[in-house]
Amino acid sequence: MGMETFGEALRRLRLGAGMSFRELAALAHCSKTHVADLESGRRPPTAPIATALDEALGAGGYLLALADDRKRAVVWPAASVDALPPVAAILADPRRYMDGSVVGELRVQLDASKADDGILGPSAALPKVQALIAVTQHSVREVRPQIRRQLLGVGADAAEFVGWLYRDLGDLPTATYWYDRAIEWAQEADDGPMQGYVLLRKSQLAYDRRDALKVLTLAEAAGLERWQLPAKVRAEVAQQQARGYAMVGEPMDRVERALGEALQWLDEFESGRDDSGTQLSGKYSRADLTLRTASCYIEAGQPARAAGLYQEVLQSKSLSRRDEGYFLARRAFSLALAGQPDEAATVGLVSVQLANATSSLRTKRELGRAVRALGPWAARPGPRELDEALRA
């Protein structure tokens, strides 16, 4: 589609910075031969080396976005290709061709990528959204100020989504990198709701790392009034605060109060009193609140109650395949904690199949927690079969 390869971009940026192979290699902590091989295409970039080179050259994430060596999707959906300039023309002269309609189409593609993630998993969604970020970063240096802010707004949304994809793939350091980029771009775009939303995402990432205090403090930061979050996101923030309270050992009545606040925010949205009109407002529902409430009960030492809530939502058949697999794993974990090893193993085996189908390492990590919780019953047929399936 006329976009630079990783090697071409690396060479252009290195020469633009006036660096030799040796000088860049010293900054990126690799060999000069490694840099030369990357430029020539003889060696594919890994995420760590792409990150190091990106930082050394001040590329703002552009090299990291190009580092995926899978075939990238054409930027425009077929339905709108005739109404937009060719991608090659935009990349050659962003100031001339990048306008509001093109920015709007980038957002359409981002929404389509998010739909791909729910159905096919992160590996299918990642190449397209990385290509979108690469186009954004290539263009943002040259466009008019008003278009730059619009473009950075889309870029912040895309970077937040890429952070989520890497989180689902189990690569938490790279997820952190993209969440940081999302906040940086949202600040420049003056997008307060996105800044608050990424703080919420970083709190959820801290939950993956089992950093209880950071879960709570980031969730509290996300709840500040200055971000002007829509009611649905406020509901998610309140629920995340409840999870933080449970993790740090606050009394159950404080956890329940925060969950009650989350329900009130959802009520406000459904009543029509919230008209903030942001793209973030469609990402949280009563089913989501029920699922996250279950996690609060796990942290508060009530796993049987959590297992019942997970089952309530799973029976509704309202989840994507990827999410169904993940919350089946969460239910298996809660059943194991509640002393129901055979049912936990049965649920976990279904989750393994979905985790494999959607390439969700996040789900497999949760299944690993379930297997460890089943340790006292490891010799039983069901738990043993689950352990073997997960290892396979």
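**Aromatic rings**

I count rings of Phe, Tyr and Trp (its six-membered ring) as a pair if their centres lie within 6.5 Å, with planes under 30 degrees apart called stacked, over 60 edge-to-face and the rest tilted. The model I opened is predicted, so I note that local features need pLDDT of at least 70 and side-chain atom pairs count only at pLDDT 80 or more, while totals for chains, interfaces and linings use all residues. Residues are numbered from 1 along each chain as its sequence is written, and side-chain values use heavy atoms, with hydrogens and water left out.

My search of the whole structure turned up four aromatic pairs. One of them joins Tyr177 and Trp178 edge-to-face, at 5.2 Å centre to centre and 90 degrees between the planes. Trp178 also pairs edge-to-face with Trp185, at 6.3 Å between centres and 65 degrees between planes. I can therefore log Tyr177, Trp178 and Trp185 as one aromatic cluster.

Tyr177 is buried at 10%, Trp178 at 0% and Trp185 at 8%.

**Charges over rings**

Next I looked for charges over rings (NZ of Lys or CZ of Arg within 6 Å of the ring centre and within 35 degrees of the ring normal). Arg181 lies over the face of Tyr177, 4.8 Å from the ring centre. Arg14 has its charged end over the ring of Phe21, 4.0 Å from the centre.

**Nonpolar cores**

A core here is a set of buried Ala, Val, Leu, Ile, Met, Phe, Trp, Tyr and Cys residues joined through side-chain atoms within 4.5 Å. The largest one holds 72 residues, and Trp178, Leu63 and Val129 are among those with the most contacts inside it. Helix 10 (residues 145-168) gives the largest share, 12 residues. I found another core apart from it, of 30 residues, including Ala294 and Val347.

For contacts I use heavy atoms within 4.5 Å. Beyond four places in sequence, Leu63 is in contact with residues including Phe6, Leu10 and Leu53. Ser113, counted the same way, touches Ala125, Lys128, Val129 and Phe161. Ser113 lies in helix 8 (residues 100-120) and is buried, at 0% relative accessibility.

**Helix 12**

Helices (H or I, at least four residues) are DSSP runs, numbered from the N terminus. How many residues of helix 12 are buried? I noted 17 of its 17. Helix 12 covers residues 192-208, and Arg210, which follows, has a positive phi, near 60 degrees.

Definitions and conventions
Helix = DSSP H or I, 4+ residues; strand = E, 2+ residues; numbered from the N terminus. Expected span 1.5 Å × (residues − 1). Buried < 20%, exposed > 50% of the residue type's maximum accessible area, 1.4 Å probe, protein only.
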